[in-house]
Amino acid sequence: MTTTEHAPKTSPEVCGVGHSRRRVEDDRFIQGGGNYLDDIELSGMLHMAIVRSPLAHAEILSIDTSQAEAVDGVVAVVTGDLLAQYDLAWMPTLSGDTQAVLATDKVRFQGQEVAAVIATDPYVARDAAELVFVDYEPLPPIVNPQQGLAPDAPIIRTDKEGKTDNIAYTWESGDAQATEAAFARAARVVTLETHYPRSHPSPLETCGVIADVDPITSQATIYMTSQAPHAHRTVFALVAGLPEQNIRIISPDIGGGFGNKVPVYPGYVIATAASLVIGKPVKWIETRTGNLSSTGFARDYHMKGELALDADGRILGLRVDMTSDQGAFYADAQPTKFRAGLFHIVTGSYDYPAAHVSATGVYTNKAPGGVSYRCSFRVTEASYLIERLVQNAAYEIGMDPAEFRMLNFIRPDQFPYRSPTGFVYDSGDYETALRLAMDMVGYEDLRREQEEARREGRLMGIGIASFTEVVGAGPSKDYDILGLKMFDSAELRIHPTGKGILKLGVKTQGQGHETTFAQIVAEELGIPAADIKVVEGDTDNTPYGLGTYGSRSTPTAGAATSVVSRKLREKARKIAAHLLEASEEDLEWEVGKFFVRGSPESSVTIQDCVFAAYTNFPEGMEGGFEDVDYYDPPNMTFPFGSYIVVVDLDPDTGVWKVRRMIAVDDCGVRINPMIVEGQIHGGLTEGFAMSSMQWITYDEDGNCIGSNFMDYLIPTAWETPRFELGETVTPSPHHPIGAKGVGESATVGSPAAYVNAVIDALAHLGVRNIDMPLLPDRVWETIRSHSGAEGEG
Amino acid sequence: MEINVTVNGTPHTADVEPRMLLVDFIRSTIGLTGTHIGCDTTSCGVCTVLVDGTPMKTCTMFAVQADGRSLTTVEGLKRNGELHPIQAAFKEAHGLQCGFCTPAMMLVGSALIEENPDPSEEEVRWAISGNLCRCTGYMNIVKAIQLAAQNSTTGGTAE
Ligand code: FES
Ligand code: FES
């Protein structure tokens, strides 16, 4: 591990920022004491199973529920027609489209929810689901956006009045004219067309809900696998028409989220409606097949990128045309203003004046979603495209890919840097990060080895990705979801004995908030982190916030925690002045105490001040020691890094193996280095998964291939490479403690590094693209089709 | 059908439907929820417990197949009120994030150490290759299991 040393300011006892504090949440998890959704049992609870469509596109002629209803233990069978009576057959998506809760007119993807069985026992519910008979009239399925855009394509969204095409949205960013001009002056244009395949976050815990609507008080307590409990409460109020004060969302321990648990899914709505009508709690736990085939897919971008270069290899401009496969309902969880998420970060880590991005979203007969899978709203696709493009550009002009990047990087003195698509990058030092990665891997030696290997007929490749991310949504003037501004919050209360509770609007799913957010309080107030309990995931007991995704918890709630702690420190200062009979201006703060300037023996601890806030506060002051902050970030944060992958490739089989994986990350100040590194390991693994094996595809009839863990391959410990991490620290200038957020950097940055490494092994054959995942047969086929072409590239 | 199963040293007699999965028996009938469910195809391993000391995926066994056997779940790892070295090591080496795969990973790790007190990285990776983790990238899980092995032989604790 290579690091730039950053000594923590606090002692290990206080354990503020910079300490690798062991996680407090681990105590329950290692003893089987986690409380995940399926672990919750309520008395009289019923169980729900969902009947799904076996067809991708079909009219529903009739649904026969009589046999299912006759099964002993079945309480109700819910259909779309029944929901329609309560105006609940359709619901809004997070992109402002609509989505069927239960299909009424036709089914639009395989796995779509058609009916639900509520029974006293989960086995009975599943049995009875098999006895719901649906009569379908098949329609021709559309399984890719190209088919969807064909002039004679059948219309998928016949529910939308007057809809005559399959276009979900169109969107553009940047300056088309300036970009045309840049291309007109170009000495060379490099083009890459590639598909970022459909993927799925598939946390090991699937989605689920227990809806408990009290028939007497109408109080709805909804236990839900939710990454955004407050936003979900508001959505429930709007969709189900329940008074918001009567809705309490409880998000218990979450077995991984990665974006999968941001949207509201039909299962949540059906269970809530069922509980409302039946008057008993209803539990729904998604099956893995249900999870992979109906909730929250990610990616599926068909991208064409072109780079205009001058004669010296400087980038003049970027033009991107992208078509996204949205599935049957446009359901991206993303800020309202941006129809293709933050894909316009596609200009990357490089400095050039002009860029233009045009995007078209297309409805297809596939599952809806478009969630940010360990990614800040389509940043993964963007980063992949530009990092693949620059690597190819280097080959075309015969320059080393590292050198090409150095030549075109935004320089440190250019920050804050306004990108051609309108982002203002807060801080960065890209060259230092890349140089560190090159030193760690021994770049020059590897290039020499590669030359030798090629002479001997061996294939090895070195792939680089120098990514820039945009996270931490966001300034509320630009970022909202369904109109809800994307600020976040922290409420801090210190009890008389100096120990307290921090309540947050975000929700951890493994990121370790219970540990790290207490460290922020410790840093700001000098109260030991061990004395601070962190509470999240209960809307009745935490302040409003938009939740955890897009690496936003640290940039938003982390900042709110810092600010609320500072507000309380100012209150403590007033109390200290009162206790020390000094004036506030004469007091100095040192971690955990105030002292009178010039006479350090005359001091009071923060705990003394807190106790006095309840027992002996100055006249005119409000008693108690608590405050709240709603933090609206002034800008996004822009974490970055440089990754280098070395692969060895067997030309006879197309199998490639990662020899080294170096990851240098700069996420600003690290609150808990141990946790940051853990997050990076996880992201690097998901990047490896996507580049090598993990994807969802559909056959021509619209059958989902990848709807279980036998087809949807997640790497095990056996395949997963070892990682070597490095670090640079460029603080965010606008975040109170300089942190940027890291949960997703490695998923965003690493796929291009793995793929570039394989392409690099074959570049001398003229190979410039293989679509992910780089399965051995695809690689082998590519080698075969390029053999004999040696020297042409 | 009536079955007799010992769970974490305590004998249980229960009347179960022949088709009841062992994982549901453990979670619902016995009420120990540290054993999880993550898939429908015996692929993820989060339902793993020790059956007579051997790791088994309990979503692929019927409860009746456990008749007369002895099970160890995560709730039975502690010894005399003290954390098992594998539990302490998972915390110390940051071998978990969301915690969903963790009980199974620890049980597999503990069984490996019983058999092989000093496993190599390769051996650990092979032993846990039937268990998926979506959060950690396995690096720290491997470290945790090796640390537990070390502490078990030296009698030290991870903390
Ligand atoms: S639940 Fe996935 S293997 Fe048992
Ligand atoms: S810690 Fe989350 S799946 Fe392993």
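This is a predicted model: local features need pLDDT of at least 70, side-chain atom pairs count only at pLDDT 80 or more; totals for chains, interfaces and linings use all residues.

Visitor: OK. How many residues does each chain give to the contact between A and B?

Guide: Chain A gives 53 residues and chain B gives 49 residues.

Visitor: And what area is buried there?

Guide: About 4300 Å² is buried between chain A and chain B. Carbon and sulfur atoms give 55% of that. On the chain A side, I30(A), Y123(A) and L204(A) supply 19% of the buried area, more than any other three residues.

Visitor: How many salt bridges cross the interface of A and B?

Guide: There are 7 salt bridges. D39(A) and R27(B) form a salt bridge, with their closest N and O atoms 2.9 Å apart.

Visitor: Which element gives the most to chain A's side?

Guide: That is α17(A), with 8 residues. The side of chain A that touches chain B divides into 22 nonpolar, 19 polar and 12 charged residues.

Visitor: New topic. What domains does chain B have?

Guide: The domain assignment gives domain 1 (2-76) and domain 2 (85-153). Their centres, taken over C-alpha atoms, are 21 Å apart.

Visitor: How many residues of each are in contact?

Guide: In chain B, 16 residues of domain 1 are in contact with 14 residues of domain 2. Together the two domains bury about 1100 Å², 69% of it on carbon and sulfur atoms. In domain 1, H36(B), V46(B) and V74(B) lose the most area to domain 2, together 39% of what that side buries.

Visitor: How many salt bridges between those domains?

Guide: The count is 0. The two domains of chain B do have 4 residue pairs in polar contact, both residues at pLDDT 80 or more. The largest share of the domain 1 side, 3 residues, comes from β3(B). That side has 7 nonpolar, 8 polar and 1 charged residue.

Visitor: Last one: K533(A). Buried or exposed?

Guide: K533(A) counts as exposed, because its relative accessibility is 52% and the cut-off for exposed is over 50%.

Visitor: Where does K533(A) lie, and what does it touch?

Guide: K533(A) lies in strand β26 of chain A, residues 532-535. Leaving out residues up to four places away in sequence, K533(A) touches G500(A), I501(A) and L502(A).

Visitor: How far apart are K533(A) and S53(A)?

Guide: They are 480 residues apart in sequence and 46 Å apart in space, C-alpha to C-alpha.

Key: Residues are numbered from 1 along each chain as its sequence is written. Chains are lettered from A and ligands numbered from 1 in the order in which they are written. Side-chain values use heavy atoms; hydrogens and water are left out. Domain bounds come from an automatic or database domain assignment. Contact means heavy atoms within 4.5 Å. Buried area is the accessible area (1.4 Å probe) that two parts lose on being put together, summed over both. A salt bridge is a side-chain nitrogen of Lys or Arg within 4 Å of a carboxyl oxygen of Asp or Glu. A polar contact is a pair of N or O atoms within 3.5 Å; within protein, one must be able to donate a hydrogen and the other to accept it, and residues adjacent in sequence count only if both atoms are side-chain atoms. Helices (H or I, at least four residues) and strands (E, at least two) are DSSP runs, numbered from the N terminus. Ala, Val, Leu, Ile, Met, Phe, Trp, Tyr, Cys and Pro count as nonpolar, Asp, Glu, Lys and Arg as charged, and the others, Gly among them, as polar. Buried means under 20% relative accessible area, exposed over 50%, partly exposed in between (1.4 Å probe, protein chains only).
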